[in-house]
Amino acid sequence: MQPKSPSIQECPVGRAVETVGEWWSILILRDAFQGATRFDEFSKSLGIAPNILSRRLAHLTESGMFVRRRYQERPPRYEYVLTDKARDFFPVIVALLAWGNKHLAPKGESILLASRNGARPFDPVVVDAADMQPITLANTIAIPGPRASRGMRRRLASLKAMNPAVAPAGD
């Protein structure tokens, strides 16, 4: 168990990493988005030790990412069904895939995402829903939300890269 400092507990990124930040969890979710639901499917796809897979699936279920549903009575067997909370994680997987293709595929992409209608490959970007403009480091700052503590407000005010007067290098 990782220590829980107030800035990690209050930070949405810290809470997200606590839920899905362990790399096996992200790969399990990736496989679930590709249709895997059963223990043996995850095990075969990932080559993961059964005890680790059991712990990761239990954690993801306890965290509300999966619902465990029995599909066989004797012996009892369960499948892991994505919840709405997990489906909302899909854009994170898309962003990881796009970043990996851009920076970690020197010989070219091995996986692309494409439209179900016509199979046109997507070029994923994160955009603001209001004006559909890309969200970049250069046009973004972090500001306190309505429930931010005094400590979080001080932390955000002290972050040089998030100061609107300081423009980060590059876009």
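**A pocket and the helices beside it**

Guide: Let's start at the second largest pocket, which 20 residues line, with Q34, I93, L97, I111 and L113 lying nearest its centre. Two elements each give two or more residues to that lining, namely α3 and α7 (90-103). Helix α7 has the largest share, six residues. The pocket's volume is about 590 Å³. By class, the lining holds 13 nonpolar, four polar and three charged residues.

Before going on, some ground rules. This is a predicted model, where local features need pLDDT of at least 70 and side-chain atom pairs count only at pLDDT 80 or more, while totals for chains, interfaces and linings use all residues. Residues are numbered from 1 along each chain as its sequence is written, and side-chain values use heavy atoms, with hydrogens and water left out.

A pocket is an open set of points on a 1 Å grid over the protein atoms alone, where a 1.4 Å probe fits, with protein on both sides within 12 Å along at least five of seven lines; a lining residue has an atom within 4 Å of a point. Grid points are joined across faces, edges and corners, and the volume is the space filled by probe spheres set on them. Ala, Val, Leu, Ile, Met, Phe, Trp, Tyr, Cys and Pro count as nonpolar, Asp, Glu, Lys and Arg as charged, and the others, Gly among them, as polar. Helices (H or I, at least four residues) and strands (E, at least two) are DSSP runs, numbered from the N terminus.

The axes of α3 (residues 23-33) and α5 (residues 50-62) come within 10 Å and cross at roughly 75 degrees. These axes are lines fitted to C-alpha atoms over the stretch in contact, with angles from 0 to 180 degrees between N-to-C directions. The two helices are therefore roughly perpendicular, a label for angles of 65 to 115 degrees. On the α3 side, W24, S25, I28 and L29 meet I52, L53, R56, L57 and L60 of α5. By class that makes seven nonpolar, one polar and one charged residues.

Further along α3 sits D31, which counts as buried because its relative accessibility is 3%. Buried means under 20% relative accessible area and exposed over 50%, with partly exposed in between (1.4 Å probe, protein chains only). Leaving aside neighbours within four places in sequence, D31 is in contact (heavy atoms within 4.5 Å) with A36, F42, S45 and L46.

F42 deserves a look of its own. This residue is in helix α4 (residues 39-46), and F42 is buried, with a relative accessible area of 0%. Beyond neighbours within four places in sequence, the contacts of F42 include I28 and D31, along with L53 and L57, F66 and Y80. F42 and I28 are 14 residues apart in sequence, and C-alpha to C-alpha they are 6.7 Å apart in space.

To zoom out for a second, the protein chain has eight helices and two strands. Along the sequence they run α-α-α-α-α-β-β-α-α-α. Of the chain's 171 residues, 21% count as buried.

Terms used:
Angles under 35 degrees count as roughly parallel, over 145 as roughly antiparallel, 65 to 115 as roughly perpendicular and the rest as oblique.
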